[in-house]
Amino acid sequence: MVKKETKSLIGKIVCCAVTAVLIIGLCIGNAYATKYSMQITAYLAPPITDSEAVTAAQEAGQKMAARVQTEGSVLVRNENNVLPLNPNTDKKVNVFGYGSVDWVYGALSNGTSGMVRPEDGSTHELVDLLTALKRYGISCNPALPEFYKNYLKPVFGIADANNIAKSDVPVISEPPFSRYTQSLLDEAKSYSDTAIVVISRNALEGMDMPSSQKKRGAAMNDSERNYLQISAEEEEMLAWVGKNFEKTVVIVNTGNIMEFEFLERIEGLDACLVVGLTGTRAASAIPALLYGEETPSGKLVDTAAYDFKTHPAAWGNWFGYGSYAGTKDGHGVDYVEGIYVGYKWYETADSCGVWNGADKTAVYGEGHTGYNAIVQYPFGFGLSYTTFDWKIKEITPGAGSEITEKTEINITVEVTNTGNKKGRDVVEAYVTVPYTKGGIEKSYVSLVGFAKTKVLAAGESDTVTVTVDCDDFTSYDCYDKNGNGHIGYELEQGKYYVKLMTDSHNVKKADFEGGEQGADAVVEFNVSETIKIKTDKYTGVEVTNLFTGDSALDGFSVDGMETGYNAGIPFMSRADFTEGYAIPERTAAVKNRALTEKANSALTYSAAKAEAWDNAEVDAFGEATHREKVTWGQNSGLKLAENGVVTELGLKLGADFGAEQWDAVLNQITFDEAYNLLGPAHSGNKEVNSVGKPRLYSYDSIIQIKGYNGTPRGTGNPNSVLLAQSWNKDLVYKYALAFGNEMIALNAQSVFGPGVNIHRSPFCGRNFEYMSEDTYMTSRMLCELVRGIQNKGCSVEIKHFALNEAEDYRYVHSAWLSEQALREIYLKPFQRAVQEEKASGIMTSFSGVGALWAGGSEALITGVLRKEWGFNGLVDTDWTTGPKGTPDEQLRAGGDLGMAIGLASEYNITYSESKSSNRLQYRMREAVHHILYSWLSSKYQGSQYVPEEGETTVTAFTVNSWQWWQILIVDINILVCGGCVIWILAVFWPKRKKEATETLAQEGK
């Protein structure tokens, strides 16, 4: 009897426990399903699209992708004019390299932004190099791809890129040369005297390029070589191929600049074409470049050094991170190079004689001394199949003229193709500004303009105009290093030399109309007296330090120097650049330093900080905070859109952020609508029924819209570096128009991009999604992209604001740098897009500006972005904010949206109309204003745009899909709850009935 009672009791306990777990699980699941309903719908039940519109947009997108591939591929080597190959005599080729069967189309790995996947979900239309060559009519030795596939099964197919672990992406699969049989090698030599070798490297988000080489198969891991060097296996194979074939062409398929030194060191490597990450089908354009149907016209947008150890931000120097003493989540990186990023370091160092004693003739041969022993291919370098002469036709204002920061210089150049093949040329303009030793840090040369010609037949000429804005000559003096009492931008007294160059190192010889012939293309200008620039040229707002010293708005100085404290960061200075200068090394004291109390406090957010902000009577700028009650839910019958179509009122408000009727519109919105709108906002932002705003869809990224969402997707394009390497602003603008058409066809209002962080280091895992090591290049391409997309009525979220120049430790990454470097290098692209193109949105970064998460920095979001630059669009977080920040913190700093995380998701912060402070409610109202304006401003811009003659335009309809997943969840709730009830009855009810029967029987006795 006791056993039966015990068994019954155990059964009841198990029943109750399992039922409780199921019910709790349902509650949590239902809560998350409600919270992330937009994301779930975007993945599982996206709107039904207009298939004809999608097809038309994709066809145009593929043509544009091929153009980008053609103009963005860079020829860096062509010994003895081996290229172009002869389509008649070179119709059979051997293609070596494991990358030939495992082509890298785009970035990989779970959650990677900027990845590309098959447009329709199937791999049948993908084009790699082998496919492209065969379609072009070239026969490829079939034994080689069979050998590679038998050695290792290719794993980097892009159909399931989300399922690839990050640690498996930067892996080299090249077989040891001992695996090549003699018969295979002999067969290759007899098949053709031409060899193409593919060198591939992968890219991803969330991980930087390793300082060692991890390998698959029989090859041994290598701790001595970094991932951006060739492997020992590749080197042995290249040496054999170079020795045994008459013509050897190397194809570099990578998103990061590599160390190309092997091209000089290994004999017989005749030519090299850098093709980047080609997207789903644009590799089809490569054979036309190899066989001369098209002439390469791309130029590098990163400096290719022989050894990345000479790069201030590369491995072995300052790319690693330190952990702050006494902190849980503190990791930092010191931007010791200051403004000397990429070529600005190499060219400035060379001008100061740093490498006068460098000699690599024993390794690379004659001529490899000084600068040429350090830099293999300068920024802006790229070869052609033809040659060009330049004639300077006109300069306005004339040479020797007095200039100010408001002067615009126009240089008209006639470019003539003097070779025997067609081609395009790029005129690059750089400036050398006056520098005083110990004064404001200045690069020896800086890119300030460029123009690309049309395709020129042999003997044909084209006239281009390079426009230079003298505002780009200014420098930001955050320390008053020239002692003139001014903190801010200055145009210092002295001579300014505008140089027309073929790359960052070489000045072009040119003829001057009516003047010198065959002279250096250098034009001198003058500033007689230093000009102190006190205000922003667009907004008129004072521009001065917000991040430096004791008065820094966020409570600590981003350079680590405050009264009574100096982090001792050994920032590089041009004043120290002399022969033999060594890049500073990290010391343990600097790497593991303790932070100041205020800086340490900034590492984390809390409900107490939120409450203090809510109740403050004066803000960080000394201005009185909003104390009046906010109006919610006051219906005036105003609609911004009806049935998803923006109204005349909506367009009017999109044209003017300060329009009078905004108040009435914002008054209509309820508190709950505002709260829900502010996040989570991944895959779009929610509807606001009171004013007719529909739900809007947002997707990633500028490389492929809906890249890691369901099909159909937009075109899988070449990566962003290829866009920049085209050096063609018009092409980039037309790319943006085509991209906007795909957004329209796929019902995407906004794109999470473009990415415009700087290639501070060659090793950043996300360089493929950004554009260049140069701020000016990045800025100009960004402006073209923003204008093109917004002309189609779509919106952008430029990312990542700011200092997301590395992926390792990005959630707890604090960047320490001078305010000069912050403003001149890292913020400038965002500023140009905001002020010149009225960009509609910004995405903040995971990283920190100093100790403070960027999204939580009032100095950055409100001080610079909102006040100085006059930005009125939306500010979104990245996917989440990591352990250092929260959307609540960003809201109070001046931001608006949480991408995949909502308000009060991490802290016990109360939001209610009755309890939240008036200041907080007003900030919520402002955030709603920014979000609505971001949407409407792009719609207004689209309504005013007049397409060019012959331009492809797309109109499309979308129908919301049946939300089957919501019905499924309801069914699961019914089944689980019903099952639990039945189980409980089965466990408890029969026993009670039996006990009652026994009791009645006993009573009857």
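What average pLDDT does the protein chain reach, and what share of the residues score at least 70? The protein chain averages 92, and 94% of the residues score at least 70. Here pLDDT is the predictor's confidence in each residue, from 0 to 100. The model is predicted, so local features need pLDDT of at least 70 and side-chain atom pairs count only at pLDDT 80 or more, while totals for chains, interfaces and linings use all residues. Residues are numbered from 1 along each chain as its sequence is written, and side-chain values use heavy atoms, with hydrogens and water left out. Over residues 316–320, pLDDT stays under 50. For this stretch the model has 27 contacts beyond four places in sequence. A contact means heavy atoms within 4.5 Å.

The nonpolar cores come next. A nonpolar core is a set of buried Ala, Val, Leu, Ile, Met, Phe, Trp, Tyr and Cys residues joined through side-chain atoms within 4.5 Å. Buried means under 20% relative accessible area, exposed over 50%, and partly exposed in between (1.4 Å probe, protein chains only). The largest nonpolar core has 199 residues. Phe96, Leu133, Phe260, Leu290, Trp345, Ile798 and Phe801 have the most contacts inside it. Phe260 touches Val252, Val274, Ala304, Gln376 and Tyr377, not counting residues up to four places away in sequence.

Helices (H or I, at least four residues) and strands (E, at least two) are DSSP runs, numbered from the N terminus. The axes of helix H15 (residues 648–655) and helix H24 (residues 918–944) come within 7 Å and cross at roughly 100 degrees. H15 is therefore roughly perpendicular to H24. Axes are lines fitted to C-alpha atoms, for helices over the stretch in contact, and angles run from 0 to 180 degrees between N-to-C directions. Angles under 35 degrees count as roughly parallel, over 145 as roughly antiparallel, 65 to 115 as roughly perpendicular and the rest as oblique.

Ser937 is found in helix H24. Ser937 is buried, with a relative accessible area of 12%. The C-alpha atoms of Ser937 and Leu653 are separated by 7.6 Å, although the two are 284 residues apart along the chain. Beyond its neighbours within four places in sequence, Ser937 is in contact with Gly654 and Ser840. Ser840 is found in the loop between helix H21 (819–837) and strand S35 (841–844). Ser840 is buried too, with a relative accessible area of 2%.
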